[in-house]
Amino acid sequence: MKRSTLPVALAATALLLTACSSGSGSGSGSGQAAAPPGPSANTYGCLTRDQAAEGAFTLDGGSAAGNHLDAYYRDSDAGHAKVGVIFSHQADGSLCEWAPVLDRFTEAGYAVLAVTCSGDVTEAIKAAERHYQGKGVTQVALVGASKGAAASLVAAKLDNPLPVKAVVSLSSPRAYSMFNALLAVTVVKTPSYFAAEQRDSPFADNAQALYDASVAEDKQLKIYPGGNHGAPLLQDGALPDVLGYLAKHAPAAG
């Protein structure tokens, strides 16, 4: 992830700032105001300056997930959302994977929270739920890509701060590191949507296997044409289906 670079004259101040800090920092002991952030601070390379100013922050996921996680929150367009969506990216990815589609979720009445995490994603999801609690959100849906999808399926079977009403799995492997999705779906009752693209091997077969093993109260499988992997499925035909599934099982009205 690219970080902003402050001018050389402000290098000393830059050492006191981090790209995932949501605040502007305090001034020096002389009482002078802190220098403004650089032109891309807190945008993570994908947010506008206004979006970053309003919603970029550092999420504390604890020691397992990471104490300083880059995160982005936005309320629904209508405001005061009761249902929030938590987005988890694929391996070596970031919250920016979801930036192109966040507007569609907020337009549909959902709050959105995307987080970058290379540690235990299930703990990052719990931390995101706690953040949502402070915003008045009462239930969540989980949307994950690849590794993030496997982690979302595992997270759905854990004790969560907020009820998980639906899980959307985009290109999940059967298992990734500590996240055994194939085992998780044998106990998760939460409505689950499994998707992959046909030429994305072996993930189309993985989606079928996860769907077959799932004991969800309602489950759906969709194999789309193409060879995209993870979050790009939403821009390649899956988004209307995903929003429709969430409207059924995690309606924005709560």
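Mentor: By class, the lining of the largest cavity holds 4 nonpolar, 2 polar and 1 charged residues, where Ala, Val, Leu, Ile, Met, Phe, Trp, Tyr, Cys and Pro count as nonpolar, Asp, Glu, Lys and Arg as charged, and the others, Gly among them, as polar. The model is predicted, with local features needing pLDDT of at least 70 and side-chain atom pairs pLDDT 80 or more, while totals for chains, interfaces and linings use all residues. Residues are numbered from 1 along each chain as its sequence is written, and side-chain values use heavy atoms, leaving out hydrogens and water. The lining consists of Ser88, His89, Val115, Cys117, Val121, Ala124 and Lys147; a cavity is a set of points on a 1 Å grid over the protein atoms alone where a 1.4 Å probe fits but cannot get out, and lining residues have an atom within 4 Å of a point. Its volume is about 40 Å³, the space filled by probe spheres set on points joined across faces, edges and corners, and 2 cavities reach 30 Å³ or more.

Turning to the elements, strand β2 (residues 69-74) runs antiparallel to strand β4 (residues 111-115), with 4 bridges between them; strands pair if DSSP finds at least two bridges, and helices (H or I, at least four residues) and strands (E, at least two) are DSSP runs numbered from the N terminus. Helix α5 (residues 121-133) packs on the sheet and touches strands including β2, β3 (83-88) and β4, contact meaning heavy atoms within 4.5 Å. Its direction makes about 155° with that of β3, whereas helix α6 (residues 147-155) runs at about 145° to β5, using axes fitted to C-alpha atoms, for helices over the stretch in contact, with angles from 0 to 180 degrees between N-to-C directions.

Technical notes:
1 Å grid on protein atoms, 1.4 Å probe; cavity = no way out; pocket = protein on both sides within 12 Å on 5 of 7 lines; lining within 4 Å.
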